[in-house]
Amino acid sequence: MGKTRAAITGVQGWVPETKLTNHDLEKMVDTNDEWIQSRTGIKERRILRTPGWATSDMCAEAVKGLLEKTGVKPGEIDLIIVATVTADMVFPDTANTVCDKVGAKNAFGFDVNAACSGFLFALATGAQYVQNEVYNKVIVVGSDMMSSIIDYTDRNTCVIFGDGAAAVLLEPRKDGNGIVDFVLRGDGSGREMLHMKAGGSLKPASLETVAAREHYAWQDGKRVYVHAVKGMSGTCEEVLRRNKLTSDDVQWLVPHQANMRIIQSVAEHMHFPMERVMVNIERYGNTTAATIPLCLWEYEKQLKKGDNIILTAFGGGFTWGALYLKWAY
Ligand code: UT7
């Protein structure tokens, strides 16, 4: 028998129905469809408008769909990890709310905050419990309600982000498939370039912070862009090298969907053909922690057992990395 690996054995996404198109944004800020499409690749994004709903509700929809699809009962789940920067509340964590909403009575949960790299970090974390044979059924969800922290008067950010959720089930496999390796990195000095200025312990919410519009995502886009290309390409190359793979051995590259030009640059650096790069940015924009699992969900039917897949992301922190897995079904 081979060594135990944590394998993705199911994936399910959920996005809100409401679409915010580039033409809608033209009426809100000084922008235009041509600029947004040519600079980012985005045509529309989804926005959560259901009254009383938040990130945990999108997670719960994705998890319920995943359980139905895989035939797993809520009581069988051991652990739910939610990657998000838009938790329902500052505390408690969103994952335990999700456990409650899906009826996972025997599970515990916790959140991972690594911004756009959140799903990658959470997946690597969840995999440890499974490959070390601590738990058999771990769910990892990537979800963000970015519309709750976006300033819709700021054209630098409001054209980029959208809302969504997607969840994967991790189970042990001994046939060689599953998560093989990952390289995760961080550089806290990057916090200056991508953050929310107020609402944390450094600058608690006050009338002044609200008036100064400091409760929104802020980024120095140009500088983040350069670091994103370098970070994603570098960790992808590292993970390929140490697993003695070339781009030809990899069936799919699944990059975080921040900007079409970043995706193309990373593919170019890796000499990887765009036909084998998962892309859905045109319909969802940047959903932060949800982009990678949403891609896996949409491309699921094209995946074959044993496919070599590289996931890669870059985000606030800075955080970044690449993960190599062999598709299990
Ligand atoms: O996922 C987390 C990590 N985040 C990222 O990876 C994001 C990385 N950065 C980016 O994707 C890009 O930098 C942006 C899409 C945010 C911006 O694209 P850019 O090509 O870097 O544009 P820029 O910020 O250099 O702006 C170019 C011009 C500026 O005008 P001037 O100064 O040249 O006259 C901007 O004011 O485009 C202007 N501009 C816009 N024009 C129309 C900026 N935003 C807009 C807009 N519509 N929405």
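Predicted model: local features only at pLDDT ≥ 70, side-chain atom pairs only at ≥ 80, totals over all residues.
Let me begin with Asp33, which is buried (under 20% relative accessible area, where over 50% is exposed and anything in between is partly exposed, using a 1.4 Å probe and protein chains only) and yet has no salt bridge. By a salt bridge I mean a side-chain nitrogen of Lys or Arg within 4 Å of a carboxyl oxygen of Asp or Glu. The nearest side chain of opposite charge to Asp33 is Arg45, and that side chain is 7.4 Å away; in this count Lys and Arg are positive, Asp and Glu are negative, and His and the chain ends are not counted.

Residues are numbered from 1 along each chain as its sequence is written, and side-chain values use heavy atoms, with hydrogens and water left out.

What does the side chain of Asp33 make a polar contact with? The partner is the side chain of Asn22, at 2.8 Å, where a polar contact is a pair of N or O atoms within 3.5 Å; within protein, one must be able to donate a hydrogen and the other to accept it, and residues adjacent in sequence count only if both atoms are side-chain atoms. If we leave aside residues up to four places away in sequence, Asp33 touches Asn22, His23 and Glu26, with contact taken as heavy atoms within 4.5 Å. Asp33 itself sits in helix H2, residues 33–40, and here helices (H or I, at least four residues) and strands (E, at least two) are DSSP runs, numbered from the N terminus.

Altogether 22 residues surround the ligand, and the closest are Thr31, Arg39, Lys222, Asn259 and Asn286; a residue counts as near if one of its heavy atoms lies within 4 Å. Looking at individual atoms, a polar side-chain atom of Lys222 lies 2.5 Å from an oxygen atom of the ligand, an N or O atom in the side chain of Asn259 is 2.7 Å from a ligand oxygen, and for the side chain of Arg261 the corresponding distance is 2.9 Å. Taken alone the ligand exposes 940 Å², of which the protein buries 75%, with accessible areas coming from the Shrake-Rupley method with a 1.4 Å probe and, for residues, only the protein chains shown counting as cover.

Let me turn to the salt bridges, of which the structure holds 16. In one of them the side chains of Lys101 and Asp57 meet at 3.1 Å, N to O. Lys101 lies in helix H4 (residues 94–102) and Asp57 in helix H3 (residues 55–70), so this pair ties together parts that are 44 residues apart in sequence. Lys101 is partly exposed, with a relative accessible area of 36%, whereas Asp57, at 10%, counts as buried.

In another salt bridge, Arg283 pairs with Glu298, the closest N and O atoms being 2.8 Å apart. Because Arg283 lies in helix H10 (residues 281–284) and Glu298 in helix H11, this pair ties together parts that are 15 residues apart in sequence. Is H11 largely enclosed or largely open? Seven of the nine residues of H11 (residues 291–299) are buried, so this helix is largely enclosed by the rest of the structure; among the buried ones are Ile292, Leu294 and Tyr299.

Beyond these pairs, Lys137, Glu171 and Arg173 are linked in a network of salt bridges.

I will finish with Asp181, found in strand S8 (residues 178–186) and buried, with a relative accessible area of 15%. The side chain of Asp181 makes a polar contact with the side chain of Arg242, at 2.8 Å. Not counting residues up to four places away in sequence, Asp181 touches Val239, Arg242, Asn243, Leu323 and Tyr324.
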